[in-house]
Amino acid sequence: RESLPKPSATAWRASAPKGEEAALKRQVQASLNKVCPENVQLIASQIAEIKLAGTKELETVIGLVMKKALAEPHYCETYADLVYMLHSAVPSFPSPDGGKPVTVKSTLLNVCQEEFESMPRSALELVPEVATASDPEELEFQRKQHKARMMANVKFIGHLFLRQLLAPKTIGAIVLNLVEFEGGEAAPAEHIIECTCELLMAIGLTLESMPAGRAALTQVIGCLMDLKQRKDKKGKALYC
């Protein structure tokens, strides 16, 4: 009977995760890869059962959820539900700097803020890594990819707010930050206006029912009305 040849020294071998962080990522990612609206409660239970050592591990878990939500915007409500369930199931941890305890909610706020602040605000910033690309198709593809990520981000943020994971004051500041601009010829890029409208369509009614939210909403609508009247140097409407 013939035996199989011995694998070469360079043959691929399945290897165990290197370090506890890699093992945690692998375990959480395996659960997230199976998530859907029908089993989100089960997935939340699986992730909640993972023993987290501290704030660093919690940041890893929330970061992975955020990454999946941005990659799969059609499931953003499901991922918002997942975070909501984790918020009540995962314990808090002492803050490394001695401040308030670190929770799923506070970690989520930091992750969302980092992603929001990294959003490109002008058309030129939209695709920095391919700004000098000579292939128009590649440039357009990358532009669409960046825009889709931004739209997914604001959509996810909106659903987090609807689940009371983001405060009205916070979401109001986010919306205002999108459309506010300084005088002169400066104005938000078109993709920023689209993101603002996407967010308002998702949360506008709820935001209007809250005093803090209503004030922010009034300011945002004022900014949008002003932008609607703006024209370029040729007299054409800035936003069509």
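**Helices, salt bridges and core of a predicted model**

Student: How wide an arc do the buried residues of α9 cover around the axis?
Tutor: The buried residues of α9 are Gly213, Ala216, Leu217, Val220, Cys223 and Leu227. The arc, taken from the directions from the helix axis to the C-beta atoms, puts these residues on the same side of α9, since it spans only 125°.

Student: Which helices are included in what covers the buried residues of α9?
Tutor: Helices here are DSSP runs (H or I, at least four residues; strands are E, at least two), numbered from the N terminus, and the chain has nine helices and zero strands. Contact is taken as heavy atoms within 4.5 Å. The cover over the buried residues of α9 includes α7 (168-179) and α8 (190-208).

Student: What does α2 pack against through its buried residues?
Tutor: In helix α2 (residues 40-48), Val40, Ile43, Ala44 and Ile47 are buried. They lie on the same side of α2, covering an arc of only 100° around the axis, while Gln41 and Leu42 are exposed on the other side. The buried residues of α2 pack against α1 (19-32), α3 (55-71) and α4.

Student: How many residues apart in sequence are the parts tied together by arginine 163 and aspartate 81?
Tutor: The side chains of arginine 163 and aspartate 81 meet in a salt bridge at 2.6 Å, N to O, the rule being a side-chain nitrogen of Lys or Arg within 4 Å of a carboxyl oxygen of Asp or Glu. Arginine 163 lies in the loop between α6 (136-162) and α7, and aspartate 81 in helix α4 (residues 76-89), so the pair joins parts whose separation in sequence, in residues, is 82.

Student: Which helix holds arginine 149, the salt-bridge partner of glutamate 115?
Tutor: The side chains of glutamate 115 and arginine 149 meet in a salt bridge at 3.0 Å, N to O. Glutamate 115 counts as buried at 13% relative accessibility, whereas arginine 149, at 41%, counts as partly exposed. Glutamate 115 lies in helix α5 (residues 104-117), so the pair ties together parts 34 residues apart in sequence, with arginine 149 in helix α6.

Student: Which members of the largest nonpolar core touch the most other members?
Tutor: A nonpolar core is a set of buried Ala, Val, Leu, Ile, Met, Phe, Trp, Tyr and Cys residues joined through side-chain atoms within 4.5 Å. Phenylalanine 156 touches, among others, Met66, Tyr79 and Val83, not counting residues up to four places away in sequence. Of the 59 residues in the largest core, those touching the most other members are Leu82, Phe156 and Leu160.

Definitions and conventions
Residues numbered from 1 in each chain as written. Predicted model: local features only at pLDDT ≥ 70, side-chain atom pairs only at ≥ 80, totals over all residues. Heavy atoms only, no water. Buried < 20%, exposed > 50% of the residue type's maximum accessible area, 1.4 Å probe, protein only.
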